[in-house]
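My notes are below the view.

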Amino acid sequence: MPQHPDEQLCAMARGRITQYVRRQYSRFGPETVEDVVQETFLRYLRYRQGQEAPNPIALLYKIANWVATNEYRRQARLGVQESIESGGPAGQGIDPPQPPA
């Protein structure tokens with residue numbers, strides 16, 4: 001049975017998008033890269049249900065960049081939060097506020 005054109009595109013572009021995310025966001029582990037790539041293709045397919053993409057490869061790269069940037073920001077927020085809570089480097093030297101006397 002022939003594949004749908006979007007399935008063919010996703011199969012062909014998966015390796016390229018994975019390499020792009022690994023290269024641009026080297027601090028991501030393999031599981032995070034896989035999550036970003038899967039989310040990229042899910043968003044692409046949702047977008048395609050409503051409209052035509054004139055340049056689907058460019059759209060995939062753009063979506064991958066958005067998803068990866070959001071994940072990077074999320075990890076950065078969580079990293080700072082965890083570091084402060086654990087008294088790590090970001091929280092060292094900072095005394096908690098004291099109630100007024």
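**Whole chain.** I am working with a predicted model. Along the sequence the pattern reads α-α-α. I then looked up burial: 31% of the 101 residues count as buried. For the accessible surface I noted about 7500 Å², with 53% of that belonging to carbon and sulfur atoms. I also checked how far apart in sequence the contacting residues lie. Of the contacts between residues at least 6 apart, 62% join residues at least 24 apart.

**Core.** Which residues touch the most other members of the largest nonpolar core? I found I17, V21, F28, F41, Y44 and L60, out of 21 residues in that core. The elements giving two or more residues to this core are α1 (5-24), α2 (30-50) and α3 (56-85). I noted that α3 supplies the largest share, seven residues.

**V21.** I followed V21 next and left aside its neighbours within four places in sequence. The contacts of V21 are then F28, V33, V36, V37 and A64.

**Helix α1.** I counted 20 residues in α1. From first C-alpha to last, α1 reaches 28 Å, close to the 28 Å expected at 1.5 Å a residue. Where does α1 bend? I found a bend of about 45° at A13. A13 is also among the buried residues of α1, together with D6, L9, C10, I17, T18, Y20 and V21.

Technical notes
Residues are numbered from 1 along each chain as its sequence is written. This is a predicted model: local features need pLDDT of at least 70, side-chain atom pairs count only at pLDDT 80 or more; totals for chains, interfaces and linings use all residues. Side-chain values use heavy atoms; hydrogens and water are left out. A nonpolar core is a set of buried Ala, Val, Leu, Ile, Met, Phe, Trp, Tyr and Cys residues joined through side-chain atoms within 4.5 Å. Buried means under 20% relative accessible area, exposed over 50%, partly exposed in between (1.4 Å probe, protein chains only). Helices (H or I, at least four residues) and strands (E, at least two) are DSSP runs, numbered from the N terminus. Contact means heavy atoms within 4.5 Å. The expected span of a helix is 1.5 Å times one less than its number of residues. The bend at a residue is the angle between axes fitted to the seven residues ending there and the seven starting there. Accessible areas come from the Shrake-Rupley method with a 1.4 Å probe; for residues, only the protein chains shown count as cover.
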